[in-house]
Amino acid sequence: MDGIIIINKEKDYTSHDVVAIVKKVLKEKVGHTGTLDPEATGVLPLLIGKATKISKYLIEHDKTYRAILTLGIKTDTADFTGNIIEKQDIKMPRVEKIKDVLFSMLGENKQTPPMFSAIKVNGKKLYEYARQGKTVEVPTRLITIYEIELEDVDEEKKEITFRVHCGKGTYIRTLCEQIAEKLGTVGCMKELARLRVGNFKIEDGVTIDELKQEGDISSKIITIEEFFSKKQEIILDNKRLELFLNGVKLEYVLEDDIYRIYDINKQFIGIGVVKSGTLKRDVVL
């Protein structure tokens, strides 16, 4: 069983918990292309079997989230799991003001990742420094917000629900703090659901319970061939196929890109990459 399965992760599971469970259920090698915090829910693509070799093609994906931001509360983790370090008695901003602030986040922005994150500084994860009460200089990063939309405002709870489509490396916890700051107060993320990773949608996901109960989940597996279905194909005769499988580079006058490789019987072999006029093996089933 080689391919991708979309897990609709529930709260209280770490991404590593999910990998371990799926590995036990499917009895296959399993990997992931990015984690979700235990309190976050939603899309978690997992790579099964030989599909673990295509992880490099998934980590660049854009993502869509739904987040709930609580205003007037600041925590040391930037979400509801942390310790409250500041409280403010606030008046809820007008909807028009909230929409204006969200709109101002569009495009490229600089972000400083939260201390409670897995980013490494000097070979050590930031949350390890944080747990020891240490602070280190965290480099800022450039992130991109493609779309952001207000979905709901709860004046009584001082909550804003918004949907955001963003590029890789975006921390929604930090985004929540940035939005709160622009609204003239503090804030933290109360809830987070990942709705989409690239073309992987939450509607196509399966929960851990469903995975355990269904048994045969072959219909849920996205094969490597399907994942690269929009890429052009190359058909190799027996001689060139043997060379390809042995790692020999083949001359091809084609655009630099990823290609689906087939034998003369139209059996899918794997993925090859053309660069500077040569085809080389990448992922072979």
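Where is the place of K53 in the chain? K53 sits in the loop between strand 3 and strand 4.

## Model and conventions

This is a predicted model, in which local features need pLDDT of at least 70 and side-chain atom pairs count only at pLDDT 80 or more, while totals for chains, interfaces and linings use all residues. Residues are numbered from 1 along each chain as its sequence is written, and side-chain values use heavy atoms, with hydrogens and water left out.

## Overall features

The chain contains 7 helices and 18 strands. Both are DSSP runs numbered from the N terminus: helices are H or I with at least four residues, and strands are E with at least two. Along the principal axes, the C-alpha atoms of the chain fill a box of roughly 75 × 45 × 40 Å. Of the 285 residues, 46% are buried; buried means under 20% relative accessible area, exposed over 50%, and partly exposed in between (1.4 Å probe, protein chains only).

The chain exposes about 15500 Å², of which carbon and sulfur atoms supply 46%. Accessible areas come from the Shrake-Rupley method with a 1.4 Å probe, and for residues only the protein chains shown count as cover. Contact means heavy atoms within 4.5 Å. Among contacts between residues at least 6 apart in sequence, 67% join residues at least 24 apart.

## Helix 4

Helix 4 (residues 172-182) is largely enclosed by the rest of the structure, because 8 of its 11 residues are buried. The buried residues are I172, R173, T174, L175, C176, Q178, I179 and A180. They pack against strand 4 (63-71), helix 2 (95-104), strand 7 (107-111), strand 10 (141-154), strand 11 (159-166) and strand 12 (187-197). After helix 4 comes G184, with a positive phi near 85°.

## Salt bridges

The structure holds 10 salt bridges, each defined as a side-chain nitrogen of Lys or Arg within 4 Å of a carboxyl oxygen of Asp or Glu. One of them joins the side chains of R173 and D37, at 3.7 Å from N to O. This pair links distant parts of the chain, 136 residues apart: R173 is in helix 4, and D37 is in the loop between strand 2 (30-32) and strand 3 (41-48). R173 is buried, with a relative accessible area of 6%, whereas D37 is partly exposed at 33% relative accessibility.

The side chains of K190 and E159 also meet in a salt bridge, at 2.6 Å from N to O. K190 in strand 12 and E159 in strand 11 are 31 residues apart, and the pair links distant parts of the chain. K190 counts as partly exposed at 28% relative accessibility, while E159 counts as buried at 10%.

R163 forms a salt bridge with E151, and their closest N and O atoms are 4.0 Å apart. R163 lies in strand 11 and E151 in strand 10, so the pair ties together parts that are 12 residues apart in sequence. R163 is partly exposed, at 32% relative accessibility, and E151 is partly exposed as well, with a relative accessible area of 35%. Salt bridges that share partners join R66, E151 and R163 into one network.

## H165 in strand 11

Strand 11 also contains H165, which counts as buried at 15% relative accessibility. Leaving aside neighbours within four places in sequence, H165 is in contact with D62, K63, T64, I145, Y146, E147 and R196. The C-alpha atoms of H165 and T144 are separated by 8.8 Å, and the two residues are 21 apart along the chain.

## Charge and surface patches

The chain has 46 positive and 46 negative side chains, and the centres of the two sets lie 5 Å apart. Lys and Arg count as positive and Asp and Glu as negative; His and the chain ends are not counted. The place of a charge is taken as NZ of Lys, CZ of Arg, CG of Asp or CD of Glu.

Patches are made of residues with over 30% relative accessible area and no salt bridge, with like charges joined within 9 Å and nonpolar side chains (Val, Leu, Ile, Met, Phe, Trp, Tyr) within 5 Å. K23, K29, K50, K53 and R281 form a positive surface patch; K53 is partly exposed, with a relative accessible area of 47%. A negative surface patch consists of E10, D209, E210 and E214. E214 belongs to helix 5 (residues 208-214) and is partly exposed, with a relative accessible area of 37%.
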